[in-house]
Amino acid sequence: MEERYLVSASEDMLLAHGRSLDNCRTAELEKLVILDLSKQLLRQVKVLASCSALRSCTLANNYLTDVAALRSCVHVVTLDLHGNQIQNLPDLEFWRQLGSLKLLYLHDNRIRSVDNIESLSSCPNLTGLTLYDTPLSLQKGYRHIVVNSIWSLKALDNFVVSDEESLKIGNSGEGSRLLTLNYTSTCHLYPAR
């Protein structure tokens with residue numbers, strides 16, 4: 001994608017694509033509760049710093065590399081960042097501030113480092129996470145590492161985290177007898193649209 005086609009999110013764009021608590025449009029960014037800016041050719045979303053009441057935020061299929069503007073969205077419960085260009089996630093303090101976050105969609109991004117994922121461990125209520133179709137998801141032992149780094153997880157990549165997986169054991173090598181994935185325990189974290 002050529003850089004000249006990419007845009008920055010504006011206040012008008014947020015108000016046009018957002019909803020308030022009573023499911024109506026609002027004239028104030030501070031009252032936005034639901035926001036869907038998927039497929040908008042966005043390269044940055046700094047204006048989101050004003051959306052302090054946001055509960056559900058969809059920024060899927062854009063060209064975002066940085067989501068630091070979401071730091072003030074402390075009430076967000078569902079955050080969809082899939083299909084972007086994200087390589088590095090924010091630090092521990094960023095995720096700690098998003099204490100209400102339960103579902104995080106990061107699949108189809110450029111995340112390749114386990115160190116990035118470990119920062120998510122400070123997000124106390126994170127129960128569902130998607131990371132499939134990332135370079136990280138292709139690494140050996142990926143699922144074991146993620147599940148044992150983020151203890152609050154109940155589902156990863158559309159599969160329930162089993163009791164056997166959530167044993168906080170550092171050995172995932174050849175001799176390990178832990179079941180790493182139970183294909184009968186699926187859940188659909190990311191709804192079909």
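Q: What does Gly 83 touch, not counting residues up to four places away in sequence?
A: Gly 83 touches Asn 61, Asn 62, His 107, Asp 108 and Asn 109. A contact here means heavy atoms within 4.5 Å. This is a predicted model, in which local features need pLDDT of at least 70, side-chain atom pairs count only at pLDDT 80 or more, and totals for chains, interfaces and linings use all residues. Residues are numbered from 1 along each chain as its sequence is written, and side-chain values use heavy atoms, with hydrogens and water left out.

Q: Why is Gly 83 called buried?
A: Buried means under 20% relative accessible area, exposed means over 50%, and partly exposed lies in between (1.4 Å probe, protein chains only). Gly 83 has 12% relative accessibility, so it counts as buried. Gly 83 is in the loop between strand 6 (78-80) and helix 2; helices (H or I, at least four residues) and strands (E, at least two) are DSSP runs, numbered from the N terminus.

Q: How far apart are Gly 83 and Tyr 105 in sequence and in space?
A: They are 22 residues apart in sequence and 9.2 Å apart in space, C-alpha to C-alpha.

Q: What makes Thr 130 a buried residue?
A: Its relative accessible area is 0%, and therefore Thr 130 is buried. Thr 130 belongs to strand 8 (residues 128-130). Leaving aside neighbours within four places in sequence, Thr 130 is in contact with Leu 104, Tyr 105, Leu 106, His 107, Asp 157 and Leu 189.

Q: What joins the side chains of Thr 130 and His 107?
A: A polar contact of 2.7 Å joins them. The term stands for a pair of N or O atoms within 3.5 Å; within protein, one must be able to donate a hydrogen and the other to accept it, and residues adjacent in sequence count only if both atoms are side-chain atoms.

Q: Is Ser 20 buried or exposed, and how do you know?
A: Ser 20 has 9% relative accessibility, so it counts as buried. Ser 20 lies in the loop between strand 2 (18-19) and strand 3 (34-36). Its side chain makes a polar contact with the side chain of Asp 22 at 2.3 Å. Not counting residues up to four places away in sequence, Ser 20 touches Thr 26, Lys 31 and Val 33.

Q: Why is Leu 41 given its accessibility label?
A: Leu 41 counts as partly exposed because its relative accessibility is 32%. The loop between strand 3 and strand 4 (42-44) holds Leu 41.

Q: Which residues touch the most other members of the largest nonpolar core?
A: Of its 47 residues, these are Leu 14, Leu 48, Leu 70, Leu 104, Leu 120, Leu 129 and Leu 131. Helix 1 (11-17), helix 2 (92-97) and helix 4 (142-149) are the elements that give two or more residues to this core. A nonpolar core is a set of buried Ala, Val, Leu, Ile, Met, Phe, Trp, Tyr and Cys residues joined through side-chain atoms within 4.5 Å. Leu 48 touches residues including Leu 14, Leu 35, Cys 57 and Leu 70, not counting those up to four places away in sequence.

Q: How many helices and strands are there, and what share of the chain is buried?
A: The chain has 4 helices and 10 strands. Buried residues make up 45% of its 193 residues.
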